[in-house]
Amino acid sequence: MALNYIDQADLSGKVVIARFDFNVPLNKEDRSEITDTTRIDNALETINYILSNGAKKLILMSHLGRPQGERNMDFTLEPVATYLASKLGEDVILSESCTDRGIKTLLGLNESKVILLENLRFHAEETSNDRDFAKTLANYADIYVNDAFGAAHRKHASTYGINEFFKNKAYAGFLIKNELQALEKVVGNAQKPFVAIVGGAKVSDKIKIIEKLLRSVDSLLIGGAMAYPFLKAKGLNVGKSLCTDEDVSLAKRILNDKTSHKIMLPVDHITSKDFGGMPEPVNQEEIPEDFMGLDIGPRTRELYEAKIKEAKTVLWNGPMGLFENKDFAEGSFSIAKALAESNAFTLIGGGDSVSAVNQSGLASKMSHISTGGGASLEYIENGSLPGIQALKFGIN
Ligand code: AMP
């Protein structure tokens with residue numbers, strides 16, 4: 001069964017309830033200030049489409065942060081409501097809560113076309129996928145739209161359970177459409193050579209994705225703190241670099257597999273005596289006792305750039321070093337530059353690699369930058385996501 005998209009829905013005179021990912025970063029000192037509005041901006045296409053295609057009312061839903069099932073005004077969606085109103089040129093009414101009786105009244109009034117429900121995660125029932133909570137949300141509307149790609153790997157009431165109440169009336173928005181089209185170019189039949197670059201801090205978080213990717217890629221380039229457990233598993237000294245015993249045994253498992261010839265590891269490093277101290281190049285695989293690896297070295301960059309140059313499809317997840325500190329950012333920036341110069345389909349799989357690409361100023365040169373790190377990795381791993389499956393088939 002195919003996924004139904006919002007442009008296939010008859011919206012005229014309908015009340016639409018739509019789930020977005022407005023989980024934006026807020027200024028720590030002044031929590032009314034949104035420091036990066038990308039997630040809201042990404043939702044505007046779907047919101048504008050719904051509003052200009054005859055919907056009577058639009059109810060918006062999102063989570064923000066982790067208020068642990070309690071009403072905590074540090075996590076109010078108020079700043080989101082204000083920003084949305086300015087972008088839409090319409091009033092956006094923020095409800096007291098998702099179960100506020102006033103919502104039904106608002107739906108009966110002629111004014112107030114756009115209603116934003118207060119943070120879904122003020123209710124523990126959201127993350128526990130509570131059926132009654134999902135039903136309460138569903139009872140507000142005729143049509144359900146999910147465009148929260150970043151939350152589509154969650155089985156929550158607003159992303160999953162709610163689908164039960166919208167048989168043949170559940171649609172995906174344009175953001176999900178774009179994300180799935182891009183991911184299919186990597187998951188389906190990626191054009192070869194297919195190169196994946198995996199970095200970041202923890203092997204255990206990404207073990208499954210590495211094992212999955214090794215089946216389909218031609219080369220897997222490993223960088224960041226991810227590299228040291230692999231080097232250690234090969235019997236090399238990694239000094240004081242981040243490296244847990246658990247990660248070393250996972251790395252051993254991967255290196256013992258018949259696909260391990262596809263793996264490339266750093267051959268040199270930028271290190272430091274302390275976390276983020278003076279940078280010291282180390283021109284060999286092994287890292288001396290007192291040093292920790294914090295970035296890939298120049299020879300590694302060259303080898304990785306050469307692999308990227310040959311590729312037709314490139315997936316990148318996780319930075320090549322402690323890129324937040326400019327002394328250790330060159331490895332990540334050189335990967336961003338190689339991707340920007342490549343003619344391959346380049347997909348940045350979310351999370352910190354997106355920040356690295358943004359910092360490099362080369363974001364516009366990438367084919368696709370995913371808005372959901374966890375969701376995109378899970379899609380690559382499993383070929384589907386609970387929130388997307390539920391839109392297709394409903395839930396039993
Ligand atoms: P992840 O969330 O697993 O993608 O990890 C991203 C984080 O790993 C970023 O904050 C990086 O600064 C950090 N990181 C990457 N390489 C290293 C390294 N060699 N040593 C310490 N932290 C690193």
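A polar side-chain atom of Lys 206 lies 3.0 Å from an oxygen atom of the ligand; the term polar contact here denotes a pair of N or O atoms within 3.5 Å, and within protein one atom must be able to donate a hydrogen and the other to accept it, with residues adjacent in sequence counting only if both atoms are side-chain atoms. A polar side-chain atom of Glu 324 lies 2.5 Å from another ligand position, again an oxygen atom. Taken alone, the ligand exposes 510 Å², and the protein buries 83% of that; accessible areas come from the Shrake-Rupley method with a 1.4 Å probe, and for residues only the protein chains shown count as cover.

Before continuing, a word on the basis of these values. The model is predicted, local features need pLDDT of at least 70, side-chain atom pairs count only at pLDDT 80 or more, and totals for chains, interfaces and linings use all residues. Residues are numbered from 1 along each chain as its sequence is written, and side-chain values use heavy atoms, with hydrogens and water left out.

Which residues come nearest to the ligand? Of the 17 around it, they are Ala 201, Lys 206, Gly 293, Glu 324 and Asp 352, where near requires a heavy atom within 4 Å. By class, the shell has 8 nonpolar, 5 polar and 4 charged residues. In this scheme Ala, Val, Leu, Ile, Met, Phe, Trp, Tyr, Cys and Pro are nonpolar, Asp, Glu, Lys and Arg are charged, and the others, Gly among them, are polar.

I turn to the chain as a whole. It has 14 helices and 15 strands, defined as DSSP runs numbered from the N terminus (helices H or I, at least four residues; strands E, at least two). The radius of gyration is 23 Å, close to the 21 Å that the globule rule gives for 396 residues, so the chain is as compact as a globular protein of that length; the radius is taken over C-alpha atoms, and the rule is 2.2 Å times the number of residues to the power 0.38. Along the principal axes, the C-alpha atoms fill a box of roughly 70 × 45 × 35 Å. Buried residues make up 55% of the 396, buried meaning under 20% relative accessible area, exposed over 50%, and partly exposed in between (1.4 Å probe, protein chains only). Of the contacts (heavy atoms within 4.5 Å) with a separation of 6 or more, 72% join residues 24 or more positions apart.

In H13 (residues 373-382), the buried residues are Gly 373, Ala 375, Ser 376, Leu 377, Tyr 379 and Ile 380. Their cover includes helix H6 (174-187), helix H7 (203-216) and strand S13 (313-317). After H13 comes Gly 383, with a positive phi near 75°. In H14 (residues 386-393), Pro 386, Gly 387, Ile 388, Ala 390 and Leu 391 are buried, and H13 is among the elements that cover them.

Finally, is Ser 364 buried or exposed? At 70% relative accessibility, Ser 364 counts as exposed; its place is in the loop between helix H12 (352-360) and strand S15 (368-369). Asn 358, in helix H12, counts as partly exposed at 45%.
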